[in-house]
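Here is a short note to read beside the model. Please keep the structure open and find each element as it comes up.

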Amino acid sequence: MKVLHFYRTYYPDSFGGVEQVIRQMVNGSARLGIDAEVLTLTRDRNNLELEFEGHQVHRAPLNLEIASTGFSWSALGRFKQLAASADIIHYHFPWPFMDLAHFACGIDKPSVLTYHSDIVRQKHLFKLYQPLQNQFLQRVNKIVATSPNYMATSPTLAKFSGKTEVITYGLDESIYPQPSPGVLQKWRDRFPEPFFLFVGMLRYYKGLHVLLEAASGTSIPIVILGDGPVEAELKKQAQHLCLNNVHFLGALPEIDKVALMQACYGLAFPSHLRSEAFGITLLEAAMFGKPMISCEIGTGTSYVNLHEKTGLVVPASDPRAFRQAMQFLLAHPQRAAEMGQQAYQRYQSTFTALQMAQSYRKLYQSLI
């Protein structure tokens with residue numbers, strides 16, 4: 001069985017949550033005998049064909065980008081060519097250019113669409129795009145929601161409930177690098193006190209301005225790993241609040257991310273808008289046995305992080321509540337450790353890459 005994944009960004013150009021999920025899908029399905037490839041866009045005009053972790057990545061040059069939507073004219077021909085030899089086309093939503101490509105290339109292969117998120121921010125442009133979106137979602141054979149929470153709260157998915165099923169994300173521990181004792185000790189020496197870790201792109205919906213407000217007036221060490229569009233704004237806020245306990249590390253290699261995840265006391269996940277549909281970093285924290293603090297935003301974040309079981313869930317955009325949650329976990333180390341253990345148990349029972357791959361294989365076979 002041959003599957004073609006189609007999404008706007010992928011490794012090694014970008015390391016976001018959806019890219020990680022596709023990576024896990026491809027690696028997990030390969031263990032089940034599925035030949036999966038990825039077609040994506042790139043700013044790199046060279047090396048358009050490459051191999052990543054044993055699977056083929058086809059890249060088309062990005063021509064322009066409007067409202068975070070990348071367009072590539074050469075991708076249309078490449079998509080049509082690759083789709084001709086695929087048994088299943090696996091789309092990753094949202095990406096309006098993908099909808100156009102489906103119709104422009106006359107795709108008639110069995111198709112699966114993983115619905116990663118509603119379109120939240122581009123409200124005015126969404127009104128123009130919505131007719132195309134609805135036609136595209138009507139045309140694909142199957143839609144996959146990533147959590148029961150998101151399926152229950154998405155007005156778009158509600159229109160297509162008859163063709164939608166839930167398959168949650170999953171991770172494979174074995175494909176994460178193992179930091180050496182020296183790398184791990186380097187970070188423990190730099191942050192010797194119990195610290196909370198944030199990992200991710202610094203975007204508008206991540207709620208980091210709330211986390212900085214929560215850190216104000218405390219000595220709780222907070223380490224922020226990642227870069228992104230609001231980085232300068234956040235650093236300015238931290239300077240204004242005189243937050244000597246907040247440390248911006250920028251983007252770092254995967255080995256350092258794993259070391260910091262292992263060394264941290266718990267995960268701070270302050271995302272406050274529905275653009276955060278699931279939170280792959282929450283799954284990573286669970287996989288490393290860490291207690292989590294997240295916000296109730298009606299999405300999959302509260303499906304991963306169960307309140308008072310795997311961590312704490314607080315109201316969104318509430319710095320005081322987030323501060324109190326961090327203080328509670330620090331004041332109750334045994335309770336925090338229990339939450340971390342329960343998070344790991346939940347990862348093993350519900351969120352492994354093998355379980356995700358098996359569910360998608362079953363879905364693919366039903367369509368073929």
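1. Start with helix H8. Its buried residues are Leu208, Val210, Leu211, Leu212, Ala214 and Ala215. This is a predicted model, so keep that in mind throughout. H8 spans residues 208-215. Six of its eight residues are buried, and the helix is mostly covered.

2. What covers the buried residues of H8? The cover includes strands E11, E12, E13 and E14. It also includes helix H9 (231-240) and helix H13 (319-331).

3. Now look at H8 beside H9. Two packed helices are described by the angle between their axes and the distance between the axes. Here the angle is about 15°, and the axes are 10 Å apart. An angle under 35 degrees counts as roughly parallel, so H8 is roughly parallel to H9. The crossing of H8 and H9 is right-handed.

4. Which residues make this contact? H8 supplies Leu208, His209, Leu212 and Glu213. H9 supplies Leu234, Gln237 and Ala238. The residues of the contact of H8 with H9 comprise four nonpolar, two polar and one charged.

5. Set aside the neighbours of Gly200 within four places in sequence. Gly200 is then in contact with Leu225, Gly226 and Asp227. Gly16 is 184 residues away from Gly200 in sequence. In space, the two are 7.3 Å apart, C-alpha to C-alpha.

6. Turn to the sheet. Strands of a sheet pair through backbone hydrogen bonds, either parallel or antiparallel. This open sheet has six strands in the order E13-E12-E11-E14-E15-E16, and the pairing is parallel. Strand E13 (246-250) and strand E16 (311-315) stand at the edges. Each has a single partner strand, so one side of each is left without a neighbour in the sheet. On average, neighbouring strands of this sheet are turned by 25° against each other, direction ignored.

7. Strand E15 (residues 292-296) pairs with E16 in the parallel sense, over five bridges. Cys295 stands opposite Val314 in E16.

8. Helix H10 (residues 254-263) packs on the sheet. H10 touches strand E11 (196-199), strand E12 (222-225), E13 and strand E14 (266-269). The direction of H10 makes about 150° with that of E11.

9. H10 also meets helix H7 (residues 181-190). How do their axes cross? They come within 9 Å and cross at roughly 60°. That makes H7 oblique to H10. The crossing of H7 and H10 is right-handed. From H7, the contact uses Val183, Leu184, Lys186, Trp187 and Arg188. From H10, it uses Ile255, Asp256, Ala259, Leu260, Gln262 and Ala263. Seven residues of the contact of H7 with H10 are nonpolar, one is polar and three are charged.

10. Last, strands E8, E9 and E10. Strand E8 (residues 111-115) pairs with strand E9 (residues 142-145) in the parallel sense, over four bridges. E9 and strand E10 (residues 164-166) pair in the parallel sense over three bridges. Follow Ala145 across. Ala145 in E9 is the bridge partner of Tyr115. In E10, the bridge partner of Ala145 is Val166.

Methods: Residues are numbered from 1 along each chain as its sequence is written. This is a predicted model: local features need pLDDT of at least 70, side-chain atom pairs count only at pLDDT 80 or more; totals for chains, interfaces and linings use all residues. Side-chain values use heavy atoms; hydrogens and water are left out. Two strands pair if DSSP finds at least two bridges between them. Helices (H or I, at least four residues) and strands (E, at least two) are DSSP runs, numbered from the N terminus. Axes are lines fitted to C-alpha atoms, for helices over the stretch in contact, and angles run from 0 to 180 degrees between N-to-C directions. Contact means heavy atoms within 4.5 Å. Angles under 35 degrees count as roughly parallel, over 145 as roughly antiparallel, 65 to 115 as roughly perpendicular and the rest as oblique. A crossing is left-handed if the near helix is turned anticlockwise from the far one by less than a right angle, and right-handed if clockwise. Ala, Val, Leu, Ile, Met, Phe, Trp, Tyr, Cys and Pro count as nonpolar, Asp, Glu, Lys and Arg as charged, and the others, Gly among them, as polar. Buried means under 20% relative accessible area, exposed over 50%, partly exposed in between (1.4 Å probe, protein chains only).
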